[in-house]
Amino acid sequence: MSSAWNEGYFTDEGYTYGYSREINPVFQRYCLLLRGFAALESAEAWHCELGFGQGVSINIHAAANPGSYVGTDFLPAQAAHASGLATAWGSDARLYDDSFEQLLARNDLPQFDSISLHGIWTWVSRDNQKLIVEFARRHLKPGGMLYISYNCLPGWSPSAPLRQLFSLHNRFASHTSARPNERIDAALQFSEALLAANPKYAQAAPNLGAKLQSVKGQDRQYVAHEYFNRDWDCMYFTDVVDALAPAKLDYAATALPLDSVDPLNLSAEGMDFLEGIEHPIMREQARDYFVNQSFRRDLYVRGANRLSTAEHREAMLNTRFVLLQVIESVPGTVTGPVGEASLQPEIYDPILEALAAKAYAPKTLRQLISAVPSMTYHDVEQALNVLIGMHAIAPCQSEAAEKLVQARCSTLNLQLCKRSLFANKIQVLSSPVTGGGVPVSRFQQLFLIAVMQGKKLPSEWAQFAWDIIGGQGEGILKGDRALTTAEENIAELKEQAVGFAETSMVVLKALRVV
């Protein structure tokens, strides 16, 4: 193992403050249930996240799920941010800056119901991958679930050499004293110049230039961690299956409910071909060729127990679902690997209306089927999975679990809203209904603070928000135009506040965020 503490990881630029729903245990259990696997909710569960970044997801989930959390991220600045947020809302989560080797050496860790690693596997060394597998072997309970996401082949095949160019320039041609953004930009310029010189590889991969332009437009924090680490181990699905086998882990499902809707993912020829493959692992690997998979989000189980057909149906019927947006804002189309498809109004309109009934309160699948008696179980279930894939709805945890976590979600949300007074970093709040995060912009968080202070009118919320951002010398960008006067900014904020009052608030109340 390398003696340098960062082991080749790009530590000069912190990671983004994004949220990942796939790490939510409620969402993970639903993905397993959808594929017929048992995954029980427990108020005493222990969960672990390896490589939690800035700690947004782990704090959201520690607040919104019963049980306890342990996590590590070996970048001290990120661990400090995550721990500071946890302390602010009174979390008992145990958050470390241990390396995987140090974490494995601990003798004070429990057996976990779930272990998650999002965007870690590809970017660590083979030695660290082995440590992760050993950690799962020692600490994941029988019946526990492991979530892992990673860059994969064949989808990455054309672009992998481009990533190598970035890393090459950063390693050998960049000045170590240069700022991270300067080093990234220099590597991108070098790669652009190389492609402009018309190497034969560019002729063999004609879309490479467009890919480079796409990278140039992405957030530099994301680009740093996606492309500039020394270690980058892009694998096939079956390589990961083999790597996790020593921990007694069996592949169970993807953490993408939309994958269950074959017509959005596969051509008729593809469906027919895959239907003829009996072995599930071989079929899943072959499927990656049909969708040109470049990034996988997978769930493994240590001792997979399949439900009977009757058990599976009953568990699905008892699962609650909730809207994450007003039905008027749900797009009329959905996009999958085979292209764009329209949502059939005769199916989706009645389901969305049923979900919106009674002030958007969560509904079980059983209740939804009763509300749309003309539709079959299969039609309703498939429609729900399409809507989940569109981030329009989410599966819910039990009402009992919801009650257990309501108070701590409220405490965390207050702390997050207070942070919006000073920065625009974390744009998500926690929901005790879904056990996960809900997108809430900085302006909307400022509106919520105004509501907490007793301000009742959207015009008052807008003035409060402007007093904050205007006082910090900031302004609003509307389209491509920066609003320069106070009057313009306040008018735009008032328009947003009115829309927030009329639409978003009903959803946030149903999600028990407010």
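In this predicted model, the side chains of Arg-297 and Glu-22 meet in a salt bridge, with an N to O distance of 3.4 Å. Arg-297 belongs to strand 7 (residues 295–301) and Glu-22 to the segment before helix 1 (25–34), so this pair ties together parts that are 275 residues apart in sequence.

The structure holds 22 salt bridges. One of them joins Arg-296 and Asp-298, whose closest N and O atoms are 2.8 Å apart. Arg-296 is buried, with a relative accessible area of 2%, and Asp-298 is buried as well, at 0% relative accessibility.

Another salt bridge is formed by Glu-474 and Arg-442, with 3.0 Å between the closest N and O atoms. This pair links distant parts of the chain, 32 residues apart: Glu-474 sits in the loop between helix 21 (458–471) and strand 15 (477–478), and Arg-442 in helix 20 (residues 442–452). Glu-474 is partly exposed, with a relative accessible area of 39%, while Arg-442 is buried, at 5%. In general, side chains of opposite charge can pair when their charged atoms come close.

| Salt bridge | N to O distance |
|---|---|
| Arg-297 and Glu-22 | 3.4 Å |
| Arg-296 and Asp-298 | 2.8 Å |
| Glu-474 and Arg-442 | 3.0 Å |

Salt bridges also occur as a network, which links Arg-94, Asp-98, Arg-106 and Asp-108.

In the patch of negative charge, Asp-262, Glu-269, Asp-272 and Glu-275 gather on the surface. Helix 13 (residues 268–275) supplies the largest share of this negative patch, three residues. Asp-262 is found in helix 12 (residues 262–265). With a relative accessibility of 33%, Asp-262 counts as partly exposed.

Phe-290 has its place in helix 14 (residues 280–291). The relative accessible area of Phe-290 is 37%, so this residue is classed as partly exposed.

The last topic is an annotated region. An unreviewed UniProt entry lists residues 476–503 as "coiled-coil region". In the model, the chain over residues 476–503 is 64% helix and 14% strand, and the C-alpha atoms at its ends are 21 Å apart. Ala-486 is found in helix 22 (residues 486–510). Ala-486 is partly exposed, with a relative accessible area of 30%. The C-alpha atoms of Ala-486 and Pro-257 are separated by 45 Å, and these two residues are 229 residues apart along the chain.

Key
Residues numbered from 1 in each chain as written. Predicted model: local features only at pLDDT ≥ 70, side-chain atom pairs only at ≥ 80, totals over all residues. Heavy atoms only, no water. Patch = residues over 30% accessible without salt bridge, like charges linked within 9 Å, V, L, I, M, F, W, Y side chains within 5 Å. Areas by Shrake-Rupley, 256 points an atom, 1.4 Å probe, with all protein chains shown as cover. Salt bridge = Lys/Arg side-chain N within 4 Å of Asp/Glu carboxyl O. Lys, Arg positive; Asp, Glu negative; His and termini not counted. Charge placed at Lys NZ, Arg CZ, Asp CG, Glu CD. Helix = DSSP H or I, 4+ residues; strand = E, 2+ residues; numbered from the N terminus. Buried < 20%, exposed > 50% of the residue type's maximum accessible area, 1.4 Å probe, protein only. UniProt positions renumbered as here; feature names shortened; annotations may be inferred.
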